[in-house]
Amino acid sequence: MYQTKYHKPDSLEAAIALLSSSDEAKVLAGGHTLLPTMKNHLAAPSDVVDIRGIANLHGICEDGGSIVIGATTTHAEVADSALVLSACPALACLAAGIGDPAVRHAGTIGGSLANNDPAADYPAAALGLGATIVTSQRELPAEDFFDGMFTTALEDDEIITAIRFPKAEAAGYAKFPNPASRYAMVGVFVAKTSGGVRVAVTGAGEDGVFRHDGLEAALAGEFSPEAAGSVGISPDGLLSDLHGDAEYRANLISVMAKRAVKAVA
Amino acid sequence: MSDGIGARVKRKEDKRFITGKGKYTDDIRVDNQAYAAFVRSPHAHAKVVSIDASGAEAMEGVLAVLNGAQLTGDGIGNIICGWAVTSKDGSPMNMGAWSALATEHVRYAGDAVAVVIAESQSLARLAAEAVEVEYEELPVLVSTLDALADGAVQIHENAPGNLIYDWEIGDAAAADAGLAAAAHVTEMEITNNRLSPNPMEPRSALAIHDEAEDHYTLYTTSQNPHVARLVLSAFYNVAPEHKLRVIAPDVGGGFGSKIYIYPEEITCLWASMKTGRSVKWTSDRSEAFLTDAHGRDHISTAKMGFDAEGRITGLKVDTIANFGAYMSLFSSAVPTYLYATLLSGQYNIANIHANVRAVYTNTVPVDAYRGAGRPEACYLVERMMETAARELGKDPAELRRINFIQEFPHETPVIMTYDAGDFDGNMDKAQAAADTAGFPARKAEAAARGKLRGIGYSAYIEACGIAPSAAVGSLGAGVGLWESAEVRVNPVGTVEILTGSHSHGQGHETTFAQIVAERFSIPIENVQVVHGDTDKVQFGMGTYGSRSGAVGMSAIVKAMDKVEAKVKKIAAHTLEASEEDIVIEGGEVKVAGTDKAMAWHEVGLAAYLAHNLPEGMEPGLKEGAFYDPVNFTFPAGVYIAEVEVDPETGVTEIVQFTAADDFGTIINPMIVEGQVHGGIAQGVGQAMLEGVHYDQDGQLLTGSYMDYTMPRADDLPSYTLEHNTTVCPNNPLGMKGCGEAGAIGTPPAIINAITDAIGTNDLAMPATPHAVWRALQAASVATAAE
């Protein structure tokens, strides 16, 4: 009933071939969502394709004006990377705040983005920094990649290979953790980029991560906590659950935006 | 003796626990072991139309699929509540039928309807999913208040209006008169939130049926293996007591949830007989959330009257307690004799009346959870006192002091007789340690940082050392609540203590050994504590209600008295001295003031050699005792919390927490402090983090740690602990008990502190950031409207 075949290919081509040829395959990049879901019998993929054995999907490097992070790079590696710490400390800080040490040493950036949990941290960084998601087939701007809760533009046989983060002039991230799960109840990533100020919000939206126009406009005028705090945040389209209703989340977006801007300074 | 009473002896049991060598029920594996998995209702309320097990039965490795009709057909009895509470009109409580496997009617999401026995745990679970049960859904009742509403769906046929009992205590007319005479009446609606106990080790059972002997052995996660055997035998007809051995090996926490006998243990025992295989079941965390008895869940209205000087003139309380779908083993006693009897708090209140209605809902059964009734009483009384102080413009400590009971024994109007205490002394110690005088300066400093700082008091009292058997018998208890002990001195002088108390985290192997080491002047290493096995230990009532010290150790003391008397007789005979002159000290039994002595072990050897005993003396050196307490014990104390609230987010940080406790005699201060730390952590959990939520359909929303907030280390402050000791006059060691105090005293201190910080009394537990922020918004709207 719940038979699953485990594969660990050593090349991207082999991994894609496995995805293409099986009924219902799932990519395993860290397993922090997939494995608990399988254990609870909520998912039963015919095949699990573990991509952590593919050498060129892993590691962090600089490429022109961007930092390129391989899909199977763990959160701990991002958090500790000298390159990330100097070029985009907000990204390192975000990675250092995901889950707990065990999670950070197994969970990966590609896995997190492909899962697109509405309360995950990385989608805020990808959208906030205007990252490019590099896949086995194409390159997608973050705006086109995220497609609602737990949904992305990825095809069934498409694998994220790397994420390219353009270096920002300045960036900051502030998260309000859910008291129980410690996932983001609201996380706000702010960045001054070559294309202007970007503000991405995770944890709060009914459709997952989103950019906040009002905050972007205010911060484009004046990049200060006060400017962020002056923006009225509408609760429309925000999540309500037993941990916080939409109005509370709207308030938290305002407070976290201020704190993210403050973190930049 | 360095390891005796008052010594910070490191826990003897910790070596095995911290090196992973503890032996818990799930660690025990026997030949021929099969595994059980339960088929549970996904609906909170439904009729069972049919069960089709054919698909599951056809799976390879499935040994049997058993259902409720077979179980009742084999004469297995319904699960009972063992404490008969009588309604004020004299009618008995309305106990609905609860079969270990439901037959026609399921009453909460998780109610078991069948069990699969298979060769492996994963196979059993797969097969359980393959059992097809057809349900006819019924309207669902979740909320406590809705249970009593006209037209509410009926959960048990014999409980009209879902009412289990309508009970009262105290004098209603006197309480009304007290309130009428008051210069000021404080009135509040108070909700005590529903909690999931979450011991670290989930429940587990391993049932072994020896067909040749027709004998059963049950390994189980129990706080009271003898009680489990008694109930399994006398009420559930699993096997007569002499054919049933219950072993509770290492148990990883209970907090009350492992007192009760659950459907799973009963089913495993029965299934072991049905299948001829040993049957193991171990809950996972999801199943624990779904089936372990929950705690608390009260809704109360209360009125407390004060005269012009601030003296309490009367208290009137109306409480509705949610019992969930069925009456669990001690459920009836919790909101009555463990709750309403403590509504006098530490105060001299002449007139009290409480009315308690217990109701059924389509939720997990609710029973005792650390504190059990006493946290509910303390929370109500202490929130009332703090609110009253605010309304009266009085210092909250001062208002309490004005009303503190000063003389003992003190009889309350709710049938308790407090035997000893020093309530002002507790307050003095707490206030000094918390530097309450310096609070205004700290509040101002916090305000400069944009934080709202508040201070909150709680003066708790609890009735522990449960309990005098005749007294509880007269109140409806189905058991006596004594304890038993046997002290066995071996021929080499080492000592085994066989106790009916059960340690599941309390450190009995250490503290019980300490009192023996002190009494017999022997090294603590030479004392072994044996517990948790009905074949080894003579009898016992188990561990709950902070009773193992005050009751369990008292039984050991009584047995030691008998051993000591015999030791002295043997030594006097051998040393040719008078019994009265014999003393036990320095590892010797000697004639006081002389050098005539026997080594302790020589006395033991003499007793067993029996070559030269006093005439008529039986050989051997082992004595047993039953101890029945003459009263409850009354630990009491004052807790003071200081919090800082971030007004932007509602996040509350406990910046200071002081606990001044009076536990009577303390055997091991380190272990006592550990108990207080753990209790405070659970109290903080109730106050700020934990809360069970169901949706309207009776589905559990807080079914995992993704949604149920357990306290973590970074949620908790460092604690300042103080002790103020008045010795309990009613037991030989003068002990009161410490296991529940933290969970009882903490919630009101925290909520009083947060409400002080945010300037509104309207705040319910758990005070999550969201709840605190909401309260702040409501208060600012109210202020703006004025």
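User: How do I tell whether a residue is buried or exposed, and which is B:Thr652?
Analyst: Look at relative accessible area, computed with a 1.4 Å probe on protein chains only: under 20% is buried, over 50% is exposed, and anything between is partly exposed. B:Thr652 has 13% relative accessibility, so it counts as buried. Keep in mind that this is a predicted model, where local features need pLDDT of at least 70 and side-chain atom pairs count only at pLDDT 80 or more, while totals for chains, interfaces and linings use all residues. Residues are numbered from 1 along each chain as its sequence is written, chains are lettered from A and ligands numbered from 1 in the order written, and side-chain values use heavy atoms, without hydrogens or water.

User: Where does B:Thr652 sit, and which residues does B:Thr652 touch?
Analyst: B:Thr652 belongs to strand E28 of chain B, residues 652-662. Strands (E, at least two residues) and helices (H or I, at least four) are DSSP runs, numbered from the N terminus. A contact means heavy atoms within 4.5 Å. Leaving out residues up to four places away in sequence, B:Thr652 touches B:Val643, B:Glu644, B:Val645, B:Met688, B:Ile754 and B:Val772.

User: How do I read burial along a helix? How many residues of H11(B) are buried?
Analyst: An α-helix has 3.6 residues a turn, so residues three or four places apart point the same way. Now take helix H11 of chain B, residues 396-403. Here 6 of the 8 residues are buried, and the helix is mostly covered. The buried ones are B:Pro396, B:Ala397, B:Leu399, B:Arg400, B:Arg401 and B:Asn403. They pack against strands E13, E14 and E19, and helices H10, H12 and H19, in chain B.

User: How do strands pair? How many bridges link E20(B) and E21(B)?
Analyst: Strands of a sheet pair through backbone hydrogen bonds, either parallel or antiparallel. Two strands count as paired if DSSP finds at least two bridges between them. Strand E20 (483-489) and E21 of chain B are antiparallel, with 5 bridges. B:Ala485 has B:Thr499 in E21(B) as its bridge partner. The hairpin of E20(B) and E21(B) has 5 residues between the strands, and B:Gly493 there takes a positive phi near 95 degrees.

User: What is the strand order in the open sheet of 4 strands?
Analyst: Read E22-E21-E20-E26 in chain B, with mixed pairing. E22 and strand E26 (622-627) of chain B are the edges; each has a single partner strand, so one side of each lacks a neighbour in the sheet. The twist averages 15 degrees from one strand to the next. Helix H16 of chain B (548-575) packs on the sheet, touching E20, E21 and E26 of chain B, and makes about 145 degrees with E26(B). Such angles run from 0 to 180 degrees between N-to-C directions, with axes fitted to C-alpha atoms, for helices over the stretch in contact.

User: What is the order of the 3 strands in the chain A sheet?
Analyst: This open sheet runs E1-E3-E2, with parallel pairing. Strands E1 (5-7) and E2 (25-28) of chain A are the edges, each pairing on one side only. The twist averages 20 degrees from one strand to the next. E1(A) and strand E3 of chain A (47-50) run parallel, joined by 3 bridges. A:Lys5 stands opposite A:Asp47 in E3(A). Helix H1 of chain A (12-21) lies across E1, E2 and E3 of chain A, at about 165 degrees to E3(A).
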